[in-house]
Amino acid sequence: MTETFDVVVIGAGASGEAAADLVASRGATVALVEKDLVGGSCAYWACMPSKALLHAAAVRAKGGEYPWPKASAFRDYMINRTDRAYPDDSSHARGHERAGVTVVRGTARLNGRGRVDVTPAEGPPRTLRAERAVIVATGSRAKVPPIPGLDEAGYWTNIEATSLRELPESVLILGAGPSGVEFAQYLSRYGVRTTIVQSNQRLNPTDHPRSSDLLAAAFRERGIDVRTGARAQRVRRGADGERVIELADGSTASGKVIALGIGRTPNVGGIGFETVGVPVKEGEFVRTDARMRVAEGIYVVGDLVGREISTHLGHYEGEIAAKAALGGDVTADLRAVPRCVYTDPELAAVGLRVDQAQEQGIDAVEFTQDLATTAKGYIEEAKGHVTIVLDRKDRTLVGTFMAGPGATEAIHEAVLAVKLRLRIDVLEDTIHAFPTTARAFGSLCAQAARSL
Ligand SMILES: Cc1cc2nc3c(=O)[nH]c(=O)nc-3n(C[C@H](O)[C@H](O)[C@H](O)COP(=O)(O)OP(=O)(O)OC[C@H]3O[C@@H](n4cnc5c(N)ncnc54)[C@H](O)[C@@H]3O)c2cc1C
């Protein structure tokens, strides 16, 4: 029997959940198909457990009482895994059902336009028909670099690195994107000897160099062995059970475990894109138009598109796709996507660096403020910076970069300003509370407005 819905969403991570909830909120029928955990990686193996562990580690670093068993239990509570081997997603699923979404358990595959075949773990296969659209949100998995010996040596992906119940004696983190540096922060704060091996010269290399440098300095100060510009050539097991990475410069780095933090690979395989005429390649993100559409009645959102790997962008894209699928005249506005890393110092960014803006032909200029010399920096004894990039021609903000306390909250004023193409004069005339990182941003805008 075929079950018919207005919209079928494949994958119940943050992106698919947002799409399904929006469709249901508009009174249309929607099936949300999930083969594993409703809630996807963010809820169980990514954002939530990593932020819970970062929180516990930060309390401990400030002298608070947060031993590892308590941190591990808190993380388990956050991912619904208390006293269980695997998380329980039933409350997530119930929330969607209450919102009017039909949750379907099983592995989904497109089978021509508007048809989705579902193979449940148990029971007979099901066929779903989508009258208006299918939204594909099958997410991503940890990228595994093709380093000889890595598979044989074994490694942790984000799943093991965020769900661990026992601490290893030492960890070697391969890659220093947002996940890699967050793993380094909480593991090292719990006494795990931590080494980062990063082929790029900078940590979190898409960020502003000032932010990368501040983070590297903070990590080194706290005893993390940061190896930048270090290319891994081979992995082998050492005599004492350690994993040893041989680097291109002839040196080695080692750890009891290797944790991967080098990026994500989209889950494009086995989805049946070829049955709807959408060309995809294993390992490559899927390209969409501004409405998140890849073909008539087929939308793709979230990590599978991979413009940025973030829950908030996936959520936004999911809602854009849902609105478009229901006939809305919408397009995604991607100029102002916040990029945050929850280390100490916190890193936050939006928009373009000055070099990127100039490459786009913008008459761009950069202003910067050392956060340590602001009231916020003095009071919290913190290092950091606020850097803004302006379009000189129309006096608008095109990018902002921050490192320091409160950066991941303070960035949102810049997010709005970049989105609205707000003139710097408006920011100059805006009152910012003293003493905050937001005020350092406001003062910098005022200084820039006067000197432009
Ligand atoms: C360690 C780590 C920390 C992170 N921290 C943050 C953070 O703090 N803030 C932030 O914004 N982002 C963070 N991210 C990124 C964020 O987790 C992802 O961008 C987000 O979860 C992607 O959501 P998604 O719905 O696109 O994909 P996913 O969450 O991967 O969901 C895809 C779902 O599709 C299902 N699926 C796949 N194939 C099929 C199929 N054929 N049939 C049915 N179901 C299928 C999967 O089981 C999965 O549940 C972090 C990532 C990592 C790795």
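**Briefing: domains, helix pairs, sheet and ligand shell**

Helix 13 passes helix 15 in a right-handed crossing. This picture comes from a predicted model. A ligand is surrounded by 37 residues, and its shell draws at least three residues from each of domain 1 and domain 2.

**Helix 13 and helix 15**
- Helix 13 covers residues 407-420 and helix 15 covers residues 437-451.
- The two pack at an angle of about 35°, and their axes are 8 Å apart.
- Helix 13 brings Ala407, Ala410, Glu413 and Ala414 to the contact.
- Helix 15 answers with Thr437, Ala438 and Phe441.
- By class, this contact has 5 nonpolar, 1 polar and 1 charged residues.

**Helix 1 and helix 10**
- Helix 1 (residues 14-25) packs with helix 10 (residues 311-325) at an angle of about 35°.
- Their axes are 7 Å apart.
- Helix 1 passes helix 10 in a right-handed crossing.
- From helix 1, the contact takes Ala14, Ser15, Gly16, Ala18, Ala19, Leu22 and Val23.
- From helix 10, the contact takes Thr311, Gly314, His315, Glu317, Gly318, Glu319, Ala321, Ala322 and Lys323.
- The contact of helix 1 with helix 10 divides into 7 nonpolar, 6 polar and 3 charged residues.
- Helix 1 and helix 10 each also supply at least two residues of the shell around the ligand.

**Ligand shell**
- The closest residues to the ligand are Gly11, Gly13, Gly40, Gly139 and Gly302.
- Other elements that each supply at least two shell residues include strand 2 (30-34), helix 2 (40-45) and helix 3 (47-61).
- Strand 4 (107-110) and helix 7 (158-163) also each supply at least two.
- The shell has 12 nonpolar, 20 polar and 5 charged residues.

- An open sheet of 4 strands runs in the order 10-9-8-14, with parallel pairing.
- Strand 10 (225-228) and strand 14 (257-260) are the edges, and each pairs on one side only.
- Neighbouring strands of the sheet are turned by 20° against each other on average, direction ignored.
- Strand 9 (residues 193-198) and strand 10 run parallel and are joined by 4 bridges.
- Gln198 has Thr228, in strand 10, as its bridge partner.
- Helix 8 packs on the sheet and touches strand 8 (170-174), strand 9 and strand 14.
- The direction of helix 8 makes about 165° with that of strand 9.

Conventions
Residues numbered from 1 in each chain as written. Predicted model: local features only at pLDDT ≥ 70, side-chain atom pairs only at ≥ 80, totals over all residues. Axes fitted to C-alpha atoms, helices over the stretch in contact; angles between N-to-C directions. Left-handed = near helix turned anticlockwise from the far one by under 90°. Contact = placed C-beta atoms within 7 Å. Nonpolar A, V, L, I, M, F, W, Y, C, P; charged D, E, K, R; others polar. Pairing = 2+ DSSP bridges. Near = placed C-beta within 6 Å. Domains from an automatic or database assignment.
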